[in-house]
Structures are given as structure tokens and as C-alpha cells.
Amino acid sequence: MKEILLGLFQGLTEFLPVSSSGHLLLLQEILGFNIKGIGIETLLHLATFFSVVVYFRNRLLDYYRKNFLKVIIGILPAGIFALFFREKIEYFFENASLLFIFFFLNGFYLLLSVLKEGNSAVDIKKAFIIGLFQIFALLPGISRSGFTITTGILLKVGSRESFEFSFYMYLPLVLGAFLIEIDDLSNLKILPSIFSFILAFLSGLFALYILEGSLKKKYFPYFGIYTIVISILCFFTLR
């Protein structure tokens, strides 16, 4: 039951700009269970990896062929930062009482997306700036998709291209993390893990459609209001 619930949560919150890591940490605190060391996080990230592959399947290879350098430049800052400051990052995952700060920061930043509207493309400079802001998403409560898409919008990149670039960066990051942590899969129970994987994949695919639709209909900033509400709840419940 635990793995199935986590699969549903992972799929929905991984792509919506509300922070999957923050929600999973909050879920652990509320329900009182620990998912570290059982490999389920590694498996769920693989499931959402395939959600992105399926969603962008018709233009995936062509995009990487034309924009490979920009994607690499975009993922380097977060990759390097995570490599050298892994222990410091883990500290925040062990202190749920700080979640309200990061959820609030996430919400405030998403609300800034209403300030700009553009249609320019992601160039090398903008890819690097978006990559720098992706570093914040290493913290629980801060959404990777939320921060990268909002940063793109603030740089006057079109919302559609900001959306695509965010997830084309996602794939190599998650694949690299999966390969590093693949040994953790040996600890999983087969049947619950299969259900968890399927749920994470399907809910992740659904979340991608919701996210793209929210950008088209200008509903994207409302996710910021949601995470500010979650921040207030965390402030009063996780202290």
C-alpha cells in the first residue's frame, strides 16, 4: 500500500510545479514511514522518466540533435552542485521543519511568471541561467519544473519552449541519477513495485498534459498559490 501511494504521489507531483520531493517528505512526516534505502524513489523516477519519453516521443531525437549543447549547458550547474554539496543538500531532507520556507519560495517565484510574456528562443546564455536556477530544485519544496519554466518565462522565452526545455533537461538528469542508484532496486518487493511503477508512469503522463494545459490557459501561477498554502500548513504542523 505504501509503495502504491508513493507511486501516485510521485507521478502527480514530479511534473506539476509543486515539488515532488517536498510532497514526499511531507507525506513521510504525516504518515510516519520512511522510504529511504528501499529503492522505491529510484524506481519511481524511472517511471516518470518514461512518462516524459512517451509524451515527447515524436520530437525527442530531433530536439536533442538540434539543441544538445544547450541541454548540456542547462544541466551542468545542478549536476556539479549536487556532486560537491550532496551532504549539505541531504541535511534539508532530514529537517522537515524547514519545508515551509522552500514551499513559500516556490510559490512566490511561480507567481512572478505573470510579469513577463515573450516568444524568444532558448539560447546558450539563457540555457545557462535556467540551469543556475535549477540548482534551487535540489531542495525539498522547490519544484524543478516550476523554477526552470518560470525562469524561462522571466527571460522572455515562450512558455511552450520553456516547458519543452525544462523536460529535455530532465531526461539526462534522471537517467544519470538512476544509473548511480540502480543497486537500490535489489531491495524492492516485486508486486507492489510493479503497481507503483505503473501508477507513477500514468499519473506522470497525466500531470504533463495538465501542466502544458495550464501554461496555454495562463493558469500556471495558480500552482504558486497552492504551494504557499502548503507552506502555511507546514509551518503550523511540522514544528
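Predicted model: local features only at pLDDT ≥ 70, side-chain atom pairs only at ≥ 80, totals over all residues.

I started with the aromatic rings. F15, Y55, F56, Y63, Y64, F163, F167, Y168, Y170 and Y209 form one aromatic cluster. My pairing rule takes the rings of Phe, Tyr and Trp (its six-membered ring) with centres within 6.5 Å; planes under 30 degrees apart are stacked, over 60 edge-to-face, and the rest tilted. Residues are numbered from 1 along each chain as its sequence is written, and side-chain values use heavy atoms, with hydrogens and water left out.

How many aromatic pairs does this rule give? I get a count of 25. I looked up Y63 and Y168: their ring centres are 3.8 Å apart and their planes are at 20°, so I log the pair as stacked. This pair links distant parts of the chain, with Y63 in helix α4 (residues 60–84) and Y168 in helix α9 (residues 159–181), 105 residues apart. Helices here are DSSP runs (H or I, at least four residues), numbered from the N terminus.

Are the two tyrosines Y63 and Y168 buried or exposed? Y63 is buried, at 11% relative accessible area. Y168 is buried as well, at 0%. I use buried for under 20% relative accessible area, exposed for over 50%, and partly exposed for in between (1.4 Å probe, protein chains only).

I also checked F220 and F223. They make an edge-to-face pair, 6.5 Å centre to centre with 65° between the planes. F220 is buried at 2%, and F223 is buried at 15%.

Next, a charge over a ring. R144 lies over the face of F167, 5.5 Å from the ring centre. The rule wants NZ of Lys or CZ of Arg within 6 Å of the ring centre and within 35 degrees of the ring normal.

Then the core. I take a nonpolar core as buried Ala, Val, Leu, Ile, Met, Phe, Trp, Tyr and Cys residues joined through side-chain atoms within 4.5 Å. The largest one has 44 residues, and V52, F56, F163, F165 and F167 have the most contacts inside it. Elements that give two or more residues to this core include α1 (2–15), α3 (40–55) and α8 (144–154). The largest share, 8 residues, comes from α9.

I followed V52. Beyond its neighbours within four places in sequence, V52 is in contact (heavy atoms within 4.5 Å) with F15, F167, Y170, L171 and L208. A second, separate core of 8 residues includes L26, A96, F103 and L238.

On to helix α11 (residues 222–237). Its buried residues are F223, G224, T227, I228, I230, S231 and C234.

Last, K116. Where does K116 sit? I find K116 in the loop between α6 (99–111) and α7 (124–134). K116 is partly exposed, at 33%. Leaving aside neighbours within four places in sequence, K116 is in contact with I153, L154 and K156.
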